[in-house]
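Work through the exercises below with the model open. Try each task before reading its solution.

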Amino acid sequence: MLNPSTTPSPQLFSPLSDELVEAVNLIEQANNWQDKYRQIMLLGKLLPPLAAEFKQPDAQVKGCESQAWLYHYTLNGQHFYLADSDARIVKGLIGLLLVACQGKTTEQIQQFDVTQYFDRLGLSGQLSPSRTNGLTALAQAIVTYTQDVGT
């Protein structure tokens, strides 16, 4: 279990910037895979890095080929996440998931369909099987946090 001293304070969990939301729009509008890939990498750079003390084994998402960490906080029935990865593309993919889920209710997150979302963004079939598995693991971890809280 996570030690409270290695858990981010509630003040770090907040709505995402408009810049992140706009970055997702640019990915959706990109005409080819290379442009989408570049936009995903840029999106990853927009996510604030997770402080080293929070890169704890208990916060790692299992099923990711790269290292990825995820934290959750619930406030007034809304779910907020902090996440990071040691791989730039994974960090960008995390950004996509956070834009879709940050500040949403339990019901909204539990109804979230990652496959449909990535189809809409034009990313389905573009990611390697290991990236797809990691992305699915991250999406499942986001949903699991809502089940643990039950609110």
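Predicted model: local features only at pLDDT ≥ 70, side-chain atom pairs only at ≥ 80, totals over all residues.

**Exercise 1. Helix α2**

Solution: 
- Step 1. Look at the N-terminal end. N32 caps α2 there. A side-chain oxygen of N32 sits 3.1 Å from the backbone nitrogen of Q34.
- Step 2. List the buried residues. K36, Q39, I40, M41, L43 and G44 are buried in α2.
- Step 3. Ask what covers them. The cover includes α1 (18–29) and α3.

**Exercise 2. Residue L46**

Task: Decide whether L46 is buried, partly exposed or exposed, then find its contacts beyond four places in sequence.

Solution: 
- Step 1. L46 belongs to helix α2.
- Step 2. Read the accessibility. L46 has a relative accessible area of 30%. Buried needs under 20% and exposed needs over 50%, so L46 is partly exposed.
- Step 3. Find the contacts. Setting aside neighbours within four places, L46 touches E19, L20 and A23.
- Step 4. Check a separation. L46 and S17 are 29 residues apart along the chain, yet their C-alpha atoms are 9.1 Å apart.

**Exercise 3. Residue T146**

Task: Decide whether T146 is buried or exposed, and find what its side chain reaches.

Solution: 
- Step 1. T146 is part of helix α6, residues 129–149.
- Step 2. Read the accessibility. The relative accessible area of T146 is 0%. The cut-off for buried is under 20%, so T146 is buried.
- Step 3. Look for a side-chain partner. The side chains of T146 and Q110 make a polar contact at 3.2 Å.
- Step 4. Look for a backbone partner. The T146 side chain also reaches the backbone oxygen of V143, at 2.5 Å.

**Exercise 4. The cavity**

Task: Describe the largest cavity and name the helix that gives the most to its lining.

Solution: 
- Step 1. Search the whole structure. One cavity of 30 Å³ or more turns up.
- Step 2. Give the volume. The largest cavity holds about 80 Å³.
- Step 3. Name lining residues. Among them are C64, E65, V90, S130 and R131.
- Step 4. Sort by class. Five are nonpolar, three polar and two charged.
- Step 5. Assign helices. α3 (88–101) and α6 each supply at least two lining residues. α6 gives the most, with five.

Notes
Residues numbered from 1 in each chain as written. Heavy atoms only, no water. Helix = DSSP H or I, 4+ residues; strand = E, 2+ residues; numbered from the N terminus. Buried < 20%, exposed > 50% of the residue type's maximum accessible area, 1.4 Å probe, protein only. Polar contact = N/O pair within 3.5 Å; in protein donor to acceptor, adjacent residues only side chain to side chain. 1 Å grid on protein atoms, 1.4 Å probe; cavity = no way out; pocket = protein on both sides within 12 Å on 5 of 7 lines; lining within 4 Å. Points joined across faces, edges and corners; volume = space filled by probe spheres on them. Nonpolar A, V, L, I, M, F, W, Y, C, P; charged D, E, K, R; others polar. Contact = heavy atoms within 4.5 Å.
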